[in-house]
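I opened my notebook to look up a few things in this model.

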Amino acid sequence: MAPLIEDYALIGDLQTAALVGRDGSIDWLCLPRFDSPACFAALLGDRENGHWRLAPAGAGHCTRRAYRGDSLVLETVWETGSGTVKVTDFMPQRDRAPDVVRIVEGVSGSVEMLGVLRLRFDYGSVVPWVRRSDGHRVGIAGPDAVWLRSLPAVRTYGEDYSTRSEFTVGAGESVAFVLTWHPSHEPRPEPVDPHDSLRDSLEDWHAWAGQCTYDGPYREAVLRSLITLKALTYAPTGGIVASATTSLPEEIGGVRNWDYRYCWLRDSTMTLGCLLAAGYHDEAAAWRDWLLRAVAGTAADLQIMYGLSGERRLPEHELPWLPGYEGSAPVRVGNAAVEQLQLDVYGEVMDSLHVARRAGLPAKPHAWSIQRTFVEFIRRHWREPDEGLWEVRGTRRHFTYSKVMAWVAADRAVRTLEENPRLDGDLEGWRRMREEVHREVCEKGYDPGRNTFTQYYGSRELDAATLLIPRVGFLPPGDPRVVGTVDAVRRELTDGGLVRRYTLEGREPVDGLPGGEGTFLVCSFWLADALHLTGRRDEARELFERLLELRSDLGLLAEEYDPAARRQLGNYPQAFSHIGLVGTALLFAGTVTAD
């Protein structure tokens, strides 16, 4: 049986990441970038699709595991009948080539260890040619080359298209393994010292964590989420990927399996706000700069997501040789939603740059010119239907949240001109647009009989995104329509107290897809925010603390949660979920406020 999604730990080097199971197996790793083909893809198939297990011979799950302090250095301990052993896993921040370092240390007694390295390039489909070179192993296939070395050297041998190692560690002894990737046409990179790399990695992570200025309630959970967001950052450009994985299912056995190894604009405002409020101005500035580079061009060409460096073409295709996590097929690479029209992203970008400007991030001379073109685009197109925030693959509709964010785009433009009168812009025209959008949303996106905003004009369905109406400033928290919407979402969209994005039962769902999905974790954080803002603070805190209990033992969250099966679902770890956690904690502490 496959490990639970939350059974995996995350390690990474700020350019890619690996998932390590409780059994000591690395089952997912893409090299050299988050969005590169995986060389370990057992996560979405089986061991024949690539993995690297390092554990006591004959052992199963570890006895315990934890990150060392405020870092991404993982320590896994097995207590066996003959002794205790610890494996330390990490990926040092790279100078040139990506490395995975695994250090085995004997704690007590004597433990026999077994290592099994099964390289499978191109998402588990290509078996490399593995040979010895300079006393080490090197696997090569096409553009990829991977070296495996150990210090001190241990015997390795080939068996069943894998590289195996058997050795014994006693108390005080250690063996370190280093896996290094490089393009196969280039010379082998200079080897790193595993023990020096461990020291440097710990120093780097602890120094970064020490910059956190948040010292309020739930600090441990906030800092671990911030570390996770940092781990999902592509350091060369400042882009933050939505997740480290592709195609972990929203329903076990279902088809809602998507590639999240890209950067979504919808995350931008919340990410910026969290980073700034927690004291990470450099990261916030890097994310802002990535955003400006990615969206540069004509407003009509704005996409909802981009690649790590701002790439625009992210063609979607399926990998038929991978059966999917617990048989959840298809496995997809790329994301066709990149072609969708989602009007809300214009509001997200406007809000992000407004937040950056008010926070005092150094101004970019071309930023306001870009914003002006976006507002003018929205003025021409806000009346059109779109696919909406949730990237539905069904009919375009007049989604209420999309119109609310069109209002946000106009509102932030107006406020920017009011605060900076020397900037150019059609202040009066944008004010009129802001008023017109607001009036239409309140007339067509609101159901007076039920006292709630709905998912789209004329519908009875609800949408958890409307919980954000007070957060973005569209209406004050005390407005009866806001309170009624919060109550309606709790009544109609919750499952076990957690929030679904929208209604899937009954007739054909609005998203045009078969099957179901779990409760959406970020939506549940939005409900906690809305309860707090509407004065129900004890209920908000109770929900927030319940959400904290859903984290893995290492503090990680996927995209969704299944209350019936009591397990996490969807891509993992998920930036949006961790942004929600940080944002709610900061709201409770008064560090951030509704706009």
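**Entry 1: salt bridges.** I began with the rule: a salt bridge is a side-chain nitrogen of Lys or Arg within 4 Å of a carboxyl oxygen of Asp or Glu. I also noted that the model is predicted. Which residues are linked in a network of salt bridges? I found D351, D411, R412, R415 and R434 in one. I then looked up the total, and the count by this rule is 55 salt bridges.

I reminded myself of the general idea. Side chains of opposite charge can pair when their charged atoms come close.

**Entry 2: R22 and D7.** I looked up this pair, and the side chains meet in a salt bridge at 2.9 Å, N to O. R22 lies in the loop between strand 2 (17–20) and strand 3 (25–30), and D7 lies in the segment before strand 1 (9–12), so the pair ties together parts that are 15 residues apart in sequence. Are the two partners buried or exposed? R22 counts as partly exposed, because its relative accessibility is 24%. D7 is buried, with a relative accessible area of 11%.

**Entry 3: D27 and R47.** I went on to a second pair. The side chains of D27 and R47 meet in a salt bridge at 4.0 Å, N to O. This pair links distant parts of the chain, 20 residues apart. D27 is in strand 3, and R47 is in the loop between strand 4 (38–40) and strand 5 (51–56). D27 is buried at 3% relative accessible area, while R47 is partly exposed at 32%.

**Entry 4: D35 and R33.** I looked up one further pair. The side chains of D35 and R33 form a salt bridge at 2.8 Å, N to O. Both residues are buried.

**Entry 5: the largest pocket.** How much space lies in the largest pocket? I read off about 670 Å³. I found 32 residues in its lining, and T269, G273, V355, R471 and T593 lie nearest the centre. I then asked where the lining comes from. Helix 4 (268–277), helix 6 (344–359), helix 8 (400–419), helix 11 and helix 13 (575–589) each supply at least two residues. By class, the lining has 15 nonpolar, 8 polar and 9 charged residues.

**Entry 6: the second largest pocket.** I noted a volume of about 320 Å³. Its lining holds 17 residues, with Q93, R94, D95, D99 and V192 nearest the centre. Which helix gives the largest share of this lining? I found helix 2 (residues 194–209), with 5 residues. The lining divides into 5 nonpolar, 4 polar and 8 charged residues.

**Entry 7: T400.** I found T400 in helix 8. It counts as buried, because its relative accessibility is 0%. I followed the side chain of T400, and it reaches the backbone oxygen of T454 at 2.8 Å. Leaving aside neighbours within four places in sequence, T400 is in contact with V441, G445, F453, T454, Q455, Y456, Y457 and T466.

**Entry 8: L533.** I ended with L533, which is in helix 11 (residues 521–533). Not counting residues up to four places away in sequence, L533 touches P470, R471, P477, L587 and A594. The C-alpha atoms of L533 and G449 are separated by 24 Å, and the two residues are 84 apart along the chain.

Notes
Residues numbered from 1 in each chain as written. Predicted model: local features only at pLDDT ≥ 70, side-chain atom pairs only at ≥ 80, totals over all residues. Heavy atoms only, no water. Helix = DSSP H or I, 4+ residues; strand = E, 2+ residues; numbered from the N terminus. Contact = heavy atoms within 4.5 Å. Buried < 20%, exposed > 50% of the residue type's maximum accessible area, 1.4 Å probe, protein only. 1 Å grid on protein atoms, 1.4 Å probe; cavity = no way out; pocket = protein on both sides within 12 Å on 5 of 7 lines; lining within 4 Å. Points joined across faces, edges and corners; volume = space filled by probe spheres on them. Nonpolar A, V, L, I, M, F, W, Y, C, P; charged D, E, K, R; others polar. Polar contact = N/O pair within 3.5 Å; in protein donor to acceptor, adjacent residues only side chain to side chain.
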